[in-house]
Amino acid sequence: MKRIFIFILILFISGFTYISFVIETAIIIEPESKLIIKGTTNINKFNCHFNTSELQKPIPVSFEIKNDKMVFKETELILKNDCFDCGNKNINKDFKSLLKTNSYPQIFIHLKEMQNFNLKDSTSKVLLDMEIAGIFKSYNFPVKIENNKNKLFVTGTLALNISDFNLEPPKKLLGILKVNNIIEIDFQLLFKELSSLKN
């Protein structure tokens, strides 16, 4: 079985910079991965952990190598709102209400590009579209990439403003307890390739 991630690393090591070809493959996210939404109130903090065991279905991945970046096509990660656990039944209820779960039960992450891949310091920049409650927003932020026994371990933190998605932070106790608009998505994702095909 071809190991396309290793192949990509070899290309960069070899110094090939003007390359263009399409790769079609499939990956799974290993259950030991972590994805946490972190938020704060004017009083304390809260963390909502995603149950990554729900991500065992293979994810089709198609991308084209263009110079120093990978351009992805129709590659997305779907997160069910119900799979987040904030550690408390009431907080879970508020969290699902915040995301308008009844109307929009899922968060969609559309991967667009991985830019400036640099093997020396194992860092890159990712361009993606985030869809929450039917609203799209684009983000470009750094990630760290490690090759671990033919798997890729990708870590990073994405900060976003929930008001950009027309979401209203809940207020409790007659408005005394308020959730701040800025939240962070902290991810530590271990990817394993299932198959690959070069066109």
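How many cavities of 30 Å³ or more does a search of the whole structure find? The search finds 3.

## Basis of the model

This is a predicted model, in which local features need pLDDT of at least 70 and side-chain atom pairs count only at pLDDT 80 or more, while totals for chains, interfaces and linings use all residues. Residues are numbered from 1 along each chain as its sequence is written, and side-chain values use heavy atoms, with hydrogens and water left out.

## The second largest cavity

A cavity is a set of points, on a 1 Å grid over the protein atoms alone, where a 1.4 Å probe fits but cannot get out; lining residues have an atom within 4 Å of a point. Grid points are joined across faces, edges and corners, and a volume is the space filled by probe spheres set on the points. The second largest cavity has a volume of about 130 Å³. Of its 17 lining residues, Ile37, Ile107, Ile132, Ile183 and Ile185 are the closest to the centre.

At least two lining residues come from each of strand S2 (34-40), helix H2 (89-98), strand S7 (106-118), S8 and S13. Helices (H or I, at least four residues) and strands (E, at least two) are DSSP runs, numbered from the N terminus. The lining of this cavity has 17 nonpolar residues, with no polar and no charged ones. Here Ala, Val, Leu, Ile, Met, Phe, Trp, Tyr, Cys and Pro count as nonpolar, Asp, Glu, Lys and Arg as charged, and the others, Gly among them, as polar.

## The nonpolar core

A nonpolar core is a set of buried Ala, Val, Leu, Ile, Met, Phe, Trp, Tyr and Cys residues joined through side-chain atoms within 4.5 Å. Buried means under 20% relative accessible area, exposed over 50%, and partly exposed in between (1.4 Å probe, protein chains only). The largest nonpolar core has 48 residues, of which Leu79, Phe84, Met130 and Leu160 touch the most other members. Strand S13 (residues 182-198) gives the largest share of this core, 5 residues.

Neighbours within four places in sequence aside, the contacts of Phe84 (heavy atoms within 4.5 Å) include Leu35, Ile37, Cys48, Phe50, Leu79 and Ile107.

S2 and S3 run antiparallel and are joined by 5 bridges; two strands pair if DSSP finds at least two bridges between them. They form a hairpin with 4 residues between them, and Thr40 has Lys45 in S3 as its bridge partner. S3 also pairs with strand S6 (residues 84-85), antiparallel over 2 bridges, and His49 stands opposite Asp85 in S6.

In a regular strand the side chains alternate between the two faces of the sheet.

Strand S8 (residues 123-132) pairs with strand S9 (residues 135-147) in the antiparallel sense over 10 bridges, and Ile132 stands opposite Ile135 in S9. The two strands form a hairpin with 2 residues between them. S9 is joined in turn to strand S10 (residues 151-161) by 4 bridges, also antiparallel, with Lys144 opposite Thr155 in S10.

## Two positive phi angles

Most residues other than glycine have a negative phi. Ala133, in the loop between S8 and S9, has a positive phi near 55°. Asn166 has a positive phi of about 60° and lies in the loop between S10 and strand S11 (171-172). Ala133 is buried, with a relative accessible area of 8%, whereas Asn166 is exposed at 53%.

Conventions:
1 Å grid on protein atoms, 1.4 Å probe; cavity = no way out; pocket = protein on both sides within 12 Å on 5 of 7 lines; lining within 4 Å.
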